[in-house]
Amino acid sequence: MRYLYDFKSFLLHIYKNKNLIKILIVNEFKKEYLGSYFGFFWAFAQPIVFMLVIWFVFQIGFKAKPTTNGTPFFLWLITGMIPWFFFSDALVSGTHAVVTNNFLVKKVFFRISILPLVQIGSAFIIHFFLVMSLMLSFFFYGYHFSIYWLQLPYYMACSIFLLLGLSWLTSSIRVFVKDIGNFIMVLLQIGFWATPIFWSLDSMPHKYQYLLKLNPVLYIVNGFRDTFINHVWFWQHSTLTVYFLSLSSIIFIIGAVVFRRLRPHFGDVL
């Protein structure tokens, strides 16, 4: 019951301080690019240039054929890459949320549990504009608005829910174990190729597919493709939906408990 009360208190704190959190998110986003000549351009340059390179290599160079349902390979590919960009960037920055804002740790009236949320929110700004770019790409290729696009906020919320639990866990451990940052980077490199971004889950033998479905990011990547390409509602994948929400809830609870237990010792280390 104590943890339920703490969670309720955390949600109330977010609601009461939503304006402060918005300011912190914007300031965090600005801080990353403040002082450079091109400013916010660099926030979007890397993912956009990467997608343009992918388009040139596969569409012009290899002349990649459309997928089985006729979707251009470029659209199929970036629909899976954009949610991965958000997940990986937010997890890396969320892992370092506490140590990079150590001056706030000893502030009596500041709830440091919102720091990972601020980092996730900062990464979400770029994610939002990339999703808008994705929609424009579909319009450019002759596609029109679909009612299935309305479920996009659901998959975004799923990403944030999973990321918050993971970031609470990793950011609290990062205070005491510096190696956790490098460990996360290695896991993300493995996870990129273990997630069906460049390849389709159907290309794997059926008997191994259940192992790959244990990866919660697969649910989000496939969800984006179901939204833009396959036109499938999230509740039609009832088993995967229950699994993802259950696993994310467990990670969320574990992350919250670990963060709460370690929080009193942050000031001694930092």
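## The second largest pocket

The second largest pocket holds about 570 Å³. Of its 22 lining residues, Ser200, Leu201, Asp202, Asn222 and Asn230 are the closest to its centre. A pocket here is an open set of points on a 1 Å grid over the protein atoms alone, where a 1.4 Å probe fits and protein lies on both sides within 12 Å along at least five of seven lines; lining residues have an atom within 4 Å of a point. Volume is the space filled by probe spheres set on the points, with grid points joined across faces, edges and corners.

A word on the basis: this is a predicted model, in which local features need pLDDT of at least 70 and side-chain atom pairs count only at pLDDT 80 or more, while totals for chains, interfaces and linings use all residues. Residues are numbered from 1 along each chain as its sequence is written, and side-chain values use heavy atoms, leaving out hydrogens and water.

Helices α4 and α9 (216–230) each supply at least two residues of this lining, and α9 gives the most, with 7 residues. Helices are DSSP runs (H or I, at least four residues) numbered from the N terminus. By class, the lining has 10 nonpolar, 8 polar and 4 charged residues; Ala, Val, Leu, Ile, Met, Phe, Trp, Tyr, Cys and Pro count as nonpolar, Asp, Glu, Lys and Arg as charged, and the others, Gly among them, as polar.

## Where α4 meets α9

These two helices also pack against each other. Their axes come within 9 Å and cross at roughly 140°, which makes α4 oblique to α9. Axes are lines fitted to C-alpha atoms, for helices over the stretch in contact, and angles run from 0 to 180 degrees between N-to-C directions. Angles under 35 degrees count as roughly parallel, over 145 as roughly antiparallel, 65 to 115 as roughly perpendicular and the rest as oblique. The crossing of α4 with α9 is right-handed (the near helix is turned clockwise from the far one by less than a right angle).

On the α4 side, the contact (heavy atoms within 4.5 Å) includes Trp76, Trp84 and Phe87, and on the α9 side Phe224, Arg225 and Phe228 are among the partners. Its residues divide into 12 nonpolar, 2 polar and 1 charged.

## The largest pocket

The largest pocket has about 870 Å³ of space. It is lined by 30 residues, with Gln46, Phe85, Ser88, Asp89 and Val92 nearest its centre. Helices α2 (18–33), α3 (41–61), α4 (73–95), α5 (115–140) and α7 (179–194) each bring at least two residues to the lining. Helix α4 gives the most, with 8 residues. The lining comprises 18 nonpolar, 9 polar and 3 charged residues.

## Packing around α6

Helix α6 (residues 152–176) packs with α7 at an angle of about 140°, their axes 7 Å apart, so α6 is oblique to α7. Thr170, Ile173 and Arg174 of α6 touch Ile180, Gly181 and Ile184 of α7. By class, that contact has 3 nonpolar, 2 polar and 1 charged residues.

The axes of α5 and α6 come within 11 Å and cross at roughly 150°, and the two helices are therefore roughly antiparallel to each other. This crossing, too, is right-handed. Among the residues in contact are Phe124, His127 and Met135 of α5, along with Met156, Leu163 and Trp168 of α6. The contact of α5 with α6 has 12 nonpolar, 3 polar and no charged residues.
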